[in-house]
Amino acid sequence: RLVKFTADTGTQDFAEFLNEQIEMLQTRRNDLLSSANELRSSLLNFANDLTTHLTLYGLKKIAPNIKTYFLQQQKQKSEKKLMRRWLATKQWMQQQIVWLRFGKIQASLYTRRQSHFTEIDESPNTVFSSISQQVYHTISLQRKLPFYYKQLFLSKQVFYNEFFVGRVDAVKKAETAISMFSKKHAGALLILGENHNGKSFFAQYIASQTYDKTTIFHIQAPIGGATEITALNTALQTAVGLDGTPENIFKQIPKTAVFIFDDLELWWTHSVGGEHLVNTILKWTELFASRHLFIFTVNSFAYRFLKLLTPIEQLLLSTIYLPPMKVETIRESILLRHKATNLHFIYKNKEDSHLSVTRMADLMLRIYRISYGNIGISLALWAQSIQMIDDTHFELSFPELPAELPFHKLSQQEQTILYQLVIHNRLAQQRLLNLFPGKEREQVMKSVRHLYHIGLLKHIASHSYTIEPLWYVAVITYFSNQKRL
């Protein structure tokens with residue numbers, strides 16, 4: 001039509017088109033005027049209502065509504081506050097339940113540890129073998145467990161101060177002793193405790209807090225212990241990286257170095273004259289304790305003999321006993337190591353990041369029931385209970401130990417072997433045989449093989465043996481109840 005209108009603007013169609021447009025504009029104008037009138041009317045009504053409400057009568061009339069509004073707002077705030085308090089109370093109650101469970105299990109385990117051994121019917125072979133097989137089966141599934149993860153949980157010789165937790169009172173006592181040494185008080189620092197309970201880590205930690213690591217020397221005994229003076233001299237030379245006699249070595253090293261003799265019991269044998277290497281170490285201490293700081297770690301059971309056989313007590317600045325850790329400290333130590341990795345664990349079908357407080361408590365109590373707070377045993381149990389699922393996830397599965405175990409049904413010789421390993425920590429085969437003078441070698445080794453076969457002993461390098469960590473606390477509990485420790 002526009003083309004047509006452009007060609008001939010005088011036609012009748014063009015006139016009709018203009019009339020249509022005019023009518024549409026007039027209709028639109030009327031609609032706008034009507035809307036404006038309605039808006040004006042609404043504004044006038046609103047103004048009248050507002051004027052009415054602003055009068056004294058109007059304010060009195062709407063006061064109840066305002067009061068209701070504020071009451072509703074106050075109620076909502078109160079409800080939110082109550083909800084926050086409820087959530088906080090719920091979390092507090094969960095935490096108290098956890099502490100209650102921790103305290104209950106610690107008390108029950110302590111009572112069990114002090115109680116007398118009761119009779120059970122199963123043979124030792126059946127009981128020990130069946131439980132040990134659970135652990136060995138789990139260990140066989142650990143092949144994909146990263147090396148660095150094993151190092152964090154199983155290596156004794158790798159110490160990271162970042163993972164040191166607890167032991168507040170012991171650290172203060174050690175700091176006091178080191179302060180005494182720095183003030184020219186000669187003597188050694190003795191650290192006591194069960195095997196595997198962190199004595200070596202503690203010694204390294206307190207030494208590194210004051211002294212440069214390059215001046216801290218660890219003198220390690222052979223893995224199965226030693227009875228020869230040449231082994232002791234070699235260990236000292238290896239630690240400091242120098243040749244020569246021990247006397248010359250102690251003189252060559254700059255003053256205020258730290259010499260840590262780990263596991264003093266490995267330099268001793270519970271036999272006639274078996275303390276001669278410990279006496280040699282004490283002689284060095286007496287000669288050079290005013291020049292260097294000497295730190296000894298020794299298991300508590302061996303120390304009861306050593307203090308009777310040697311003059312060790314006369315040379316001590318301080319004695320620090322490391323008791324078993326509380327379950328919450330065990331939890332902190334384990335999780336601190338675990339979170340330093342990129343692995344995730346699953347327990348009872350829940351990933352670690354989604355475990356509730358109570359379920360995490362249950363997990364830690366499973367470990368504590370076996371370790372009784374021994375940190376080394378706890379870390380070993382954690383690592384031994386891992387079953388890898390993929391490269392970043394693993395599942396935890398712990399064995400269940402019966403309340404009573406048939407140690408009393410082992411032969412007298414087998415019990416004696418376990419007893420000697422409690423005292424000595426680790427024994428090389430020859431040292432072990434020397435503890436049974438007059439016994440035939442094959443007879444003793446037959447007992448050793450039987451204990452190994454049922455899972456009570458662990459074979460380590462150089463034909464040496466130690467008690468399997470799973471059973472260590474149960475063994476010392478048995479001998480304690482028998483009044484032998």
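## Two helices near the end of the account of α15

Gln-413, Glu-414, Ile-417 and Leu-418 in α15 meet Gln-443, Val-444, Ser-447, Val-448, His-450 and Leu-451 in α17, where contact means heavy atoms within 4.5 Å. By class, this contact of α15 with α17 comprises 5 nonpolar, 4 polar and 1 charged residues. Ala, Val, Leu, Ile, Met, Phe, Trp, Tyr, Cys and Pro count as nonpolar, Asp, Glu, Lys and Arg as charged, and the others, Gly among them, as polar.

The axes of α15 (residues 412–424) and α17 (residues 441–453) come within 10 Å and cross at roughly 75°. The two helices are therefore roughly perpendicular to each other. Axes are lines fitted to C-alpha atoms, for helices over the stretch in contact, and angles run from 0 to 180 degrees between N-to-C directions. Angles under 35 degrees count as roughly parallel, over 145 as roughly antiparallel, 65 to 115 as roughly perpendicular and the rest as oblique.

## Basis of the description

The model is predicted: local features need pLDDT of at least 70, side-chain atom pairs count only at pLDDT 80 or more, and totals for chains, interfaces and linings use all residues. Residues are numbered from 1 along each chain as its sequence is written, and side-chain values use heavy atoms, with hydrogens and water left out. Helices (H or I, at least four residues) and strands (E, at least two) are DSSP runs, numbered from the N terminus.

## Helices α6 and α7

Helix α6 (residues 168–182) packs against helix α7 (residues 199–208) at an angle of about 50°, with their axes 10 Å apart. This makes α6 oblique to α7. Their crossing is right-handed; a crossing is left-handed if the near helix is turned anticlockwise from the far one by less than a right angle, and right-handed if clockwise.

From α6, the contact involves Ala-170, Val-171, Ala-174 and Ile-178, and from α7 it involves Phe-202, Tyr-205 and Ile-206. The residues of this contact are 7 nonpolar, no polar and no charged.

## The open sheet

Five strands form an open sheet in the order β2-β3-β4-β1-β5, with parallel pairing. Because β2 (216–219) and β5 (316–321) stand at the edges with a single partner strand each, one side of each is left without a neighbour in the sheet. The twist averages 20° from one strand to the next.

Within the sheet, β1 (residues 188–193) and β4 (residues 293–299) pair in the parallel sense over 6 bridges; two strands pair if DSSP finds at least two bridges between them. Ala-188 stands opposite Phe-294 in β4. Helix α11 (residues 300–309) lies across β1, β4 and β5, and runs at about 115° to β4.

## The β11–β12 hairpin

Strands β11 (residues 457–460) and β12 (residues 464–467) pair in the antiparallel sense over 4 bridges. His-459 has Tyr-465 of β12 as its bridge partner. The two strands form a hairpin with 3 residues between them, and Ser-462 in the turn has a positive phi of about 60°.

## Two buried loop residues

Leu-410 is found in the loop between β9 (393–396) and α15. Leu-410 counts as buried at 4% relative accessibility; buried means under 20% relative accessible area, exposed over 50%, and partly exposed in between (1.4 Å probe, protein chains only). Leu-410 and Asn-125 are 285 residues apart in sequence and 9.1 Å apart in space, C-alpha to C-alpha.

Ser-385 lies in the loop between α14 (375–384) and β8 (386–388). Ser-385 is buried, with a relative accessible area of 2%. From C-alpha to C-alpha, Ser-385 and Leu-396 are 5.4 Å apart in space, and they are 11 residues apart in sequence.
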